[in-house]
Amino acid sequence: MEHVVIIGNGISGITAARHIRKESDKRITVISSESDHFFSRTALMYVYMGHMKWNHLKPYEDWFWEKNRIELKNAFVSQVQPEINQLTFSSGETMEYDTLIIATGSNYNKFGWKGQDLEGVQGMVTKQDLELLEENTKKCKRAVIVGGGLIGSEMAEMLSTRNIPVTFLVRESSFWNVVLPPGESDIINNHILEHHIDLRLNSNLKEIVSDENGRVKSIIIEETGEEIECDLVGLTAGVSPNINFLKESGIELGRGVKVNRSLQTNFKNIFAIGDCAEQHEAIGERRPIEAVWYTGRMMGEVVAQTICGNPMEYKPGHWFNSAKFFDVEYQTYGWVFPEPRDGEAHFHWKHQDGRKCITINYQEGSRKFVGINTFGIRMRHETFDKWLTEEKSVDFVIENLKQANFDPEFYKTFETEIYKSFIQQQPVAN
Amino acid sequence: MENNLSLTGDASSSLNIPQKLATFLGVSGLFILALAAFNMNFPNKAIWLYTSLAAIGIGVIWFAQATYANKTEGIKNDHIWFKSITNRGVLGWITGLILTGFYIVLYFYPELLGLNAEGENTGVISLFDPLSNLLSGNPASQWFVYGTLYTIAILTFGVKFIWKYRHNKYERLRTFSVMFFQLSFAFLIPEFMQRLNSENFSLPYYDLKNIWPLNYYNFEQYRVDSMINAGDIGIAMLIFGVVSIFVITPILTYKYGKRWYCSWVCGCGGLAETAGDSFRQLSDKTQSAWKIERWVVHSVVVFVTLMTTAVIYSYLGEDGKYWLNRTSFLIGVAVLLTAVFALVMIFKRNEFQKDAKFGAIGYLAIILSLIGFHFLSGDGKVFLFEAEALRSTYGVLIGAIFSGVIGTGFYPIFGNRVWCRFGCPMAAILGFQQRLFSRFRITTNGGQCISCGNCSTYCEMGIDVRAYAQKGENIVRSSCVGCGICSAVCPRGVLKLENDSMNGRINANEILLGNDVDLMDLLNQK
């Protein structure tokens, strides 16, 4: 029987395993050194905050795996030898495979800062990171977070629920403005401040200072030279593919594991999916490496088809994503860039409470709707997916926005206000 | 790992000073009641009673203010799993024991509370006499004491709930609704109705929103007689009781799902949603719990149907003083059940799938019993049992032990909806309809689910909401009471309670929205 081995039990690897089981009777083994069972990585923060316990993070009960004949192995793969189809574990034990799926996800970035390996310096990606954070914050008087993205904001939220004062260093002039248009980025700046986080924009980390025991004592800011005493430094300046163990394998690597559109590496029977996969060429507006829950899941769905004799390319549909910054929910459908590209324009509406806004990106000439960002208002994925496929105009979208609303019943709606604001902002047609 | 997490040694999960003072105030109020229960004789009962109730009420509301007023609007579930009271810790167990103890005394030893068969009340019941006299003109009973405390719990914890979810209008309205129905329909109106009673006119104590079979005693002989003897008003109440379950309930459940009752009107639901909110995360989400739930709750439906049929049958005559006689009544029940069963089998057999077998077993059991009633009855016995014995067994097992002692007493252990989920026959009937003939569903938002598990964790009914959401599948479950908390706690805007067309209400997706259109079509149409 063909043996499919999957390294990594995150959303990508587990989705692949589930779909391979649905389509076939192949022997499936999933390897992880992080946890015995699949859990939702995005929810680790809720365990630290006391919203959930570890067991709540597991989307499937523990009996699920045996029932579906998915073998689980808690081990660390230290070497892959594609020419003999064999894995070697850190224990020295080996395992043969017929088909291999690499789904090892990401590690947090370290950019060679002085002191980045001190005790009390850590990222927030794995279960082990969470356990370490618990240790590191036992007597924490102040924490510094380096890097303004979603994980940084989540870590700030986590620490604030334990009443730990947080200084948040953000390199950019406004929070996450490499992704968000200025109006939206501004909302998040204010919201972070509202939560009593000491937000420092335009601030780079210069170095992390050690005490006599090799623990973090303080950090120094590049721009001002200011030294901030702290007991914890959170490194949240992005993530990179977790592929160190493949360096000697002969599998083609770039920043990630290089794959073609079928998610296949330079070896026919080896695939890579999720955060660790890097497309030779970016697909559409997407990045070559997509470190997002949803894309990991989609790649898992696709690769399972290919492996089960139904060859498929990874052809994702319309881009979508979502996040939550403290209390403010964010969703996006289609493409919205921080600045409109050539021939494109933004319509921006902001509610007076400063916690809700939308930005619609559209083509100026054809008025084609390109994408929407929404903060504090939930939108219906299905509706926007359909409108994007049907290439609706921005005018159509504004007029029919009500159809896309996904807020709970009885919520105040803002379609009329948005419509009026849109009409006002449009130049009068001649 | 959780043990490590909860033993961080940081003080952020302990109570702040206003919370401590508020707790002290509330407990002081309870302490006055406890002293009364131990027969401490208060000189001016009215003053002590109102002081005690005010202390309890202000304590709860003050605590809510101290907990939520200084926080930003949004989901505030911080430290829930670190706290002893909400994580089945020592405080949780102590609270559970006190509550179960209270229910056991209330149902089985009311004399300990000061109820005297002859003569005036003593103890804590006598403390409530001034308020009872004010409302109904009668001295208090143990049920009046219970009703008062129950109402105060719903009102004050309702304020806490609204404070916690002040950003969420669905939750605000829903909570106003249960507070209103408890205060008026369940508490004040029945008390005022007592004032109408005189020597030649008497209405039974009737909470009009309390519908059979939740109100399992509604069609017992003494109540029916009393209503019939009370003339037009009584007859109207009797008809309303019948219409409630056979006409009003199906229409509203079709339009809005069972939430119109379970989380907007019902008193049991009202207490669960307010005072019980802190315990919603303790419900068991395992598949095995679901299996047990379905067997137990539907068995209660069979039990209550048979019990009620037997009770009514036993007081109907052969040709009888009522226009309805024993034979026509049994035939009527059989025809009604057969009609329901046939309609479901004809129109919904595909959705019913393997559950059909169990439905058929339940149906058969009832029909055979009805036949048994007819042929094996006599001498005041119905099918070998005394109807009265059936009734009192149901009253003790289901009415007292299940709904009270276990259902509410065990809030801090099994969660706040144990009764509604495992025991309530009304919820089961509404749920049966919700699953098969209702416009209500929880819509899943395409591919946006990240499987975080907040929805499942905070589902008080123990529904594994995430299992549906992560498949892009709408949630259509008979047990869902539509509290809306899964939607509220979702960090990615994935869930929405709504009423829409019945078509395509249930939609399992192999591949989620956002992936290759061809792949989605290929697999979803298989």
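**Questions about a predicted two-chain model**

Visitor: Why is Thr253(B) called buried?

Guide: Thr253(B) has 24 C-beta neighbours inside 10 Å, and a residue is buried if 20 or more other C-beta atoms lie within 10 Å of its own, so Thr253(B) counts as buried. Please keep in mind that this is a predicted model.

Visitor: Where does Thr253(B) lie in chain B?

Guide: Thr253(B) belongs to helix α10 of chain B, which covers residues 231-256.

Visitor: What is Thr253(B) in contact with, leaving aside its neighbours within four places in sequence?

Guide: Lys258(B), Trp260(B), Leu430(B), Gln433(B), Gln434(B) and Ser438(B) are its contacts. Contact here asks for C-beta atoms within 7 Å. As for Tyr146(B), 107 residues apart from Thr253(B) along the chain, the two C-alpha atoms are separated by 30 Å.

Visitor: Which domains does chain A have?

Guide: The domain assignment gives domain 1 (3-107 + 240-307), domain 2 (121-237) and domain 3 (320-425). The C-alpha centres of domain 2 and domain 3 of chain A lie 30 Å apart, and their contact takes 15 residues from each of these two domains.

Visitor: Which element gives the most to the side of domain 2 of chain A that touches domain 3?

Guide: That is α6(A), with six residues. The elements giving two or more residues to this side are α5 (150-161) and α6 (182-194) of chain A. By class, the side has seven nonpolar, six polar and two charged residues.

Visitor: How many residues take part where chain B touches chain A?

Guide: 53 residues of chain B are in contact with 51 residues of chain A. Elements giving two or more residues to the chain B side include α8 (169-196) and α24 (517-524) of chain B. The residues on that side divide into 16 nonpolar, 27 polar and ten charged.

Technical notes. Residues numbered from 1 in each chain as written. Chains lettered and ligands numbered in written order. Predicted model: local features only at pLDDT ≥ 70, side-chain atom pairs only at ≥ 80, totals over all residues. Helix = DSSP H or I, 4+ residues; strand = E, 2+ residues; numbered from the N terminus. Buried ≥ 20, exposed ≤ 12 C-beta atoms within 10 Å, placed from the backbone. Domains from an automatic or database assignment. Nonpolar A, V, L, I, M, F, W, Y, C, P; charged D, E, K, R; others polar.
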